[in-house]
Amino acid sequence: MAPDEKIPVCLGPDPSPRRPALRLPEGACDAHAHVFDAARYPYQAARGYTPPDNGVDQLLALHDVLGVSRGVVVQASVHGTDNRAVLDAASAHPGRLRAVVAVGEDVTEAELRSMHAKGARGIRVNLVDKGGMPFRSLAALGSVAARIRALGWHVELLVHVEDDPTALRDLARAVRVPVSVGHVGYTKVARGGATHPGFREFLAMLRDGLFWVKLTGHYRISAEATLPYGDVTEMAHRVVEAAPERVLWGSDWPHVAQYRAMPNDGALLDLLAEWVPDGARRDAILRDNPARLYGFG
């Protein structure tokens, strides 16, 4: 695919990920990664970035280095509702991968069942990146949520939780399926981070059992350009304390739209030891919590 000069081209991930010092439990899961192969899975014109190719083989090689045995491939906004990339990846590796897909309002129950058979376990609603929101409104998500409920699926939101916490609370109560939020809530430190009233409202919703949250994309919310992104630590501590049984960890590989220094994936994983110093709680975040949400046996 020829690059569009108006669409920024992403950097690639660090090509030499190191093995983390952190001990991972058997069954550890990377709950958030993407796969790209433009020749096989073309990108939509309405997109916010152009990623370099990093396919499922590269992802599994990374997982082998990190000591991760399970993963979740999440639909990227560049693919719109063409889910072939994540479904092909998950169906080719049913023991290792699950998929989170993007669908439109008109998706049928038969289509959802077909995707379930290929490893899909949730739908992604991206309110941040261009091309990622297939619904006319969040209210329209309700009818689709009713269709995925019988399959045991969840909704994954990419949203800045501080923007409208009241709407988020109403949404979580209306859809009546688990709802996860990425990037520690996606409240940037520059906007107040852990002190932002909207982020504190999100913590209250976590305590009320309304959301799951992913420890992902630290560099997306930090004001620091390089590891260790220490200004995000308090936010991580707070979400873990609010709902340790509904916290997940993910690499966010291959770190699309990251235009500052590219972090090493082993070093990123080692941050989890500081964010979650308790070993039993950390093992739950890496193994037990994702096993429940994504249906790993």
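## Packing around Leu215

Setting aside neighbours within four places in sequence, Leu215 is in contact (heavy atoms within 4.5 Å) with Val184, Ala236, Val239, Val240, Val247, Leu248, Trp249, Gly250, Leu272, Trp275 and Val276. A second, separate core of eleven residues includes Ala31, Leu248, Ala291 and Tyr294. Leu215 itself, along with Leu157 and Phe211, touches the most other members of the largest nonpolar core, which has 80 residues. A nonpolar core here is a set of buried Ala, Val, Leu, Ile, Met, Phe, Trp, Tyr and Cys residues joined through side-chain atoms within 4.5 Å. Buried means under 20% relative accessible area, exposed over 50%, and partly exposed in between, using a 1.4 Å probe and protein chains only.

A word on the model: it is predicted, so local features need pLDDT of at least 70 and side-chain atom pairs count only at pLDDT 80 or more, while totals for chains, interfaces and linings use all residues. Residues are numbered from 1 along each chain as its sequence is written, and side-chain values use heavy atoms, with hydrogens and water left out.

Back to the neighbours of Leu215. Ala236 sits in helix 8; helices (H or I, at least four residues) and strands (E, at least two) are DSSP runs numbered from the N terminus. Apart from residues up to four places away in sequence, Ala236 touches Val184, Leu215 and Trp275. Thr216 is in the loop between strand 7 and helix 7, and its contacts beyond four places in sequence are His32, Gly182, His183, Val184 and Gly250. Here are two C-alpha to C-alpha distances for these residues:

| Pair | Separation in sequence | C-alpha distance |
|---|---|---|
| Ala236 and Val213 | 23 residues | 9.9 Å |
| Thr216 and Asp30 | 186 residues | 9.7 Å |

Ala236 is buried, with a relative accessible area of 0%, and Thr216 is buried with a value of 0% too.

Now for helix 8 and its partner. The axes of helix 6 (residues 197-207) and helix 8 (residues 233-242) come within 8 Å and cross at roughly 25°. That makes helix 6 roughly parallel to helix 8. Axes are lines fitted to C-alpha atoms, for helices over the stretch in contact, with angles running from 0 to 180 degrees between N-to-C directions; under 35 degrees counts as roughly parallel, over 145 as roughly antiparallel, 65 to 115 as roughly perpendicular and the rest as oblique. On the helix 6 side, Phe199, Leu203, Leu206 and Arg207 meet Met235, Arg238, Val239 and Ala242 of helix 8.

Which residues of helix 6 are buried? They are Gly198, Phe199, Phe202, Leu203, Ala204, Met205 and Leu206. Their cover includes helix 5 (165-175), strand 6 (179-181), strand 7 (212-215) and helix 8. After helix 6 comes Gly209, with a positive phi near 85°.

Helix 9 (residues 265-275) has nine of its eleven residues buried, so it is largely enclosed by the rest of the structure. Those buried residues pack against helix 1 (56-66), strand 7, helix 7 (218-221), helix 8, strand 8 (247-249) and helix 10 (279-294). Among them are Asp265, Asp270, Leu272 and Trp275.

Finally, helix 4 (residues 141-149) has Leu141, Val144, Ala145 and Ile148 as its buried residues. They cover an arc of only 105° around the axis, which puts them on the same side of helix 4; the arc is that of the directions from the helix axis to the C-beta atoms. What covers them includes helix 3 (109-117), strand 4 (120-126), strand 5 (154-158) and helix 5.
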